[in-house]
Amino acid sequence: MLKSTYQPSSSPLPPLPPGWTEHKAPTGHTYYFNQATQTSTYTRPASAPGVVAEHNPHASFQQYSAVPNLADPAVANAWQAQYNPQAQTQPERPRFGGRGGHHGAPDARNRPRPEPRDKPRSKVAIPGCEPWILVYTKYGRRFAYNPVKKASFWRIPEKVMKRILDLDIQSIQEKAGAVVKGDGLEPIVDKERQAQAVVQEELEQEQEQEEFGSDYEEVEVTDEEDMNAREVDEDNEHASKRQRIEDQDQPFPVEFSEEDIAFQLQAMGADYGLEPGEYDDGDPSAWPEGAEGIPLSDVDTQNLFKDLLSDYGISPFSPWEKIIEDGKIVEDPRYTVLTSMKARREVWEEWSRERIAVIKERRAKEEKRDPRIPYMAFLQEKANTKLYWPEFRRKYKKEPPMRDMALSDKEREKWYREYVSRLKMPQDTLKKDLTALLRSIPAKDLNNKTLLESLPPQVLADVRFISLDPQTRNPLVEGYISTLDPPPEVEEVIEDETVRKSRHERAKRERALADRERVVAEEKRRQQRQLAHGRAILREEEMELERAMRVDKKGLQSQLMAVREKDSESNH
Amino acid sequence: MPAIRSHASRQKKPPEGFEDIRDDLEVFNIKMKDAQNTPTNNVPKHQAQWPIFQISHQRSRYVYELYYDKEAISKQLYEWLLKNGYADAMLIAKWKKQGYEKLCCLRCVQTKETNFSSTCICRVPKAQMKDETQDVQCVSCGCRGCASSD
């Protein structure tokens, strides 16, 4: 039968020498601390023979009651340990993280289990409060540590608390983000909400813990001590704790009520620019005003979706199936603003039509560039004598100059071969060829006003130009350009297209005006002539009328006479 | 042995604007090759060619929409594409007719090949189907319904 090797520690051990106190580390180990020398040790200090008998708690209390500053947690810890050494020596099963709160079987309380040791595992700098770092232990607990003051606290101080909460939220969101990348199907908004929910949960847990004061208890452990040392014996500490709180200013709210949490969450949510609906999944009536978000109009949703399409650099020429299969846009929260696939497709169609129109317009405006120029530049950059054309083509078949449809493969091959053969020629020949090329360019294109950056395309697209490397070529070209004449006068005369156009239009307008004036004048003249003619006719008629009105006796007689004459003639 | 040259027109350079759609057409090409190379051992015999019909339909539709709906490509390019087999000109000809706007494949309107000299089941509008819940795929190309009213 197995026999326990355990020996109860309290009774057979000799009492501690004065100044030493016994403490319980969270791992279950007892350690000893000397307030006077500020040292701690796991080995039980051997007492001087004479002193042992004298040692009693009250004496030590009196000794340490003289310590004035109990606000210092380290001092307070030591002091309270002194104050109640018997209780302190009682083995107590440490509680990890305060999460479970389960106690072992009652008999287990009497002796410490062989506990695994907790160790600091990783540390994170707390952004915002610089010297402070957050240390995570092997068992997932954590404490705040100030390396400057060499002080660490299980209960995180108030001033660091907020930053740590921010940090928590951030890490949870990162995790959530990683998950989103992993499965890529659930919308991010939901993830964020989940993250917020998790944070809230944690907060609530924290609050619970604070209520029974187990985990985030403020226990200072100086650097010389084991980092993990902490006191959890709440039963023993109640009195001292109360006293401590009375002594010092209260550094943190003891009661962390539901409203506080809600407020803090809101503040945090505002910091992250989240909508209240996204971090609080409680009842929506408690949200501040406008939290539900403004309902999006149809135009807004469509524009959002179009923005999404534009942002992901999707080609407007691509088929819809390809876009969906690629699945890039599916992860974006804006993807869900449109609820049905049909609506999405319609918006995509509209968007692609618009984009294609824009692209076409832009291309029409763009000047035509010689496709040989980029190819030649590419050749100069990549081609060398060691590569045959098929190898070169295979190697760079993905490059845009090699894929350009405006050039055929035959032409490309021809230029490649020419270029490579030129690379083997001596420099002098190449220079001579280059000057010959430059000389062949008319003065209109190449003159002393030409810049090295804006050489005419005839030059840039020539094999002779690229076969010299830029270091030797540029001075040569510059030198040649400086010897040239200024550009011929004709060029100055050629006006800007728009100016000419406007002048032409103006001339046209003036001509039109003159035409109009001429027509009007003619019309006027015609009218005047007509008027005069009408007057003349009128006058004539008037005169005739007047003549007709003038009937006298002589007129009648003469008529009668004429009749008589006729009669007499007929009688004869 | 001399290299086998295809038709002279295929040697011709594609017209302007082909660069825009080249990558997407290449994707279709790859898909088609994959579909052709997948073994059909475990597939029912009538289903073996469904993916090929589907990809061919998608590609034709793509070219058709680019030219007729979005007017994104020029007439020259459209004709070049048809000539080079990027789209099925006969199928596109059908799409221009009323009632055939969504036709899946030419076989499905070929009445002479069927037992009751009627069109394929996929040409029947959903509204006229007796059993609407049943998901029918046509035998020739796996179409689930291509009536214009669907």
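This is a predicted model: local features need pLDDT of at least 70, side-chain atom pairs count only at pLDDT 80 or more; totals for chains, interfaces and linings use all residues.
User: Hi! Which residues have the most contacts inside the largest nonpolar core?
Analyst: Those are A:Tyr375, A:Leu379, A:Phe392, A:Tyr416, A:Leu446 and A:Phe465, in a core of 31 residues. The elements giving two or more residues to this core are H13 (372-382), H14 (389-395), H16 (409-423), H17 (427-440), H19 (463-466) and H20 (470-483), helices of chain A.

User: And what is A:Leu446 in contact with, leaving aside neighbours within four places in sequence?
Analyst: Its partners there are A:Leu438, A:Ile441, A:Leu455, A:Pro456, A:Tyr480, A:Ile481 and A:Leu484. There is also a second, separate core of 28 residues, which includes B:Leu66, B:Ile73, B:Leu77 and B:Leu91.

User: Switching to the interface: what area is buried between chain B and chain A?
Analyst: About 1800 Å², with carbon and sulfur atoms giving 47% of that. In terms of contacts, 21 residues of chain B touch 21 residues of chain A.

User: Which three residues supply more of chain B's share than any other three?
Analyst: B:Asp20, B:Arg22 and B:Lys70, which supply 32% of the area that chain B buries against chain A.

User: How many salt bridges across the interface?
Analyst: The rule finds five. In a salt bridge between B:Glu65 and A:Arg345, the N to O distance is 3.8 Å.

User: Nice. Which helix gives the most to chain B's side?
Analyst: H2(B) does, with 10 residues. By type, that side of chain B has 12 charged residues, eight nonpolar and one polar.

Notes
Residues are numbered from 1 along each chain as its sequence is written. Chains are lettered from A and ligands numbered from 1 in the order in which they are written. Side-chain values use heavy atoms; hydrogens and water are left out. A nonpolar core is a set of buried Ala, Val, Leu, Ile, Met, Phe, Trp, Tyr and Cys residues joined through side-chain atoms within 4.5 Å. Buried means under 20% relative accessible area, exposed over 50%, partly exposed in between (1.4 Å probe, protein chains only). Helices (H or I, at least four residues) and strands (E, at least two) are DSSP runs, numbered from the N terminus. Contact means heavy atoms within 4.5 Å. Buried area is the accessible area (1.4 Å probe) that two parts lose on being put together, summed over both. A salt bridge is a side-chain nitrogen of Lys or Arg within 4 Å of a carboxyl oxygen of Asp or Glu. Ala, Val, Leu, Ile, Met, Phe, Trp, Tyr, Cys and Pro count as nonpolar, Asp, Glu, Lys and Arg as charged, and the others, Gly among them, as polar.
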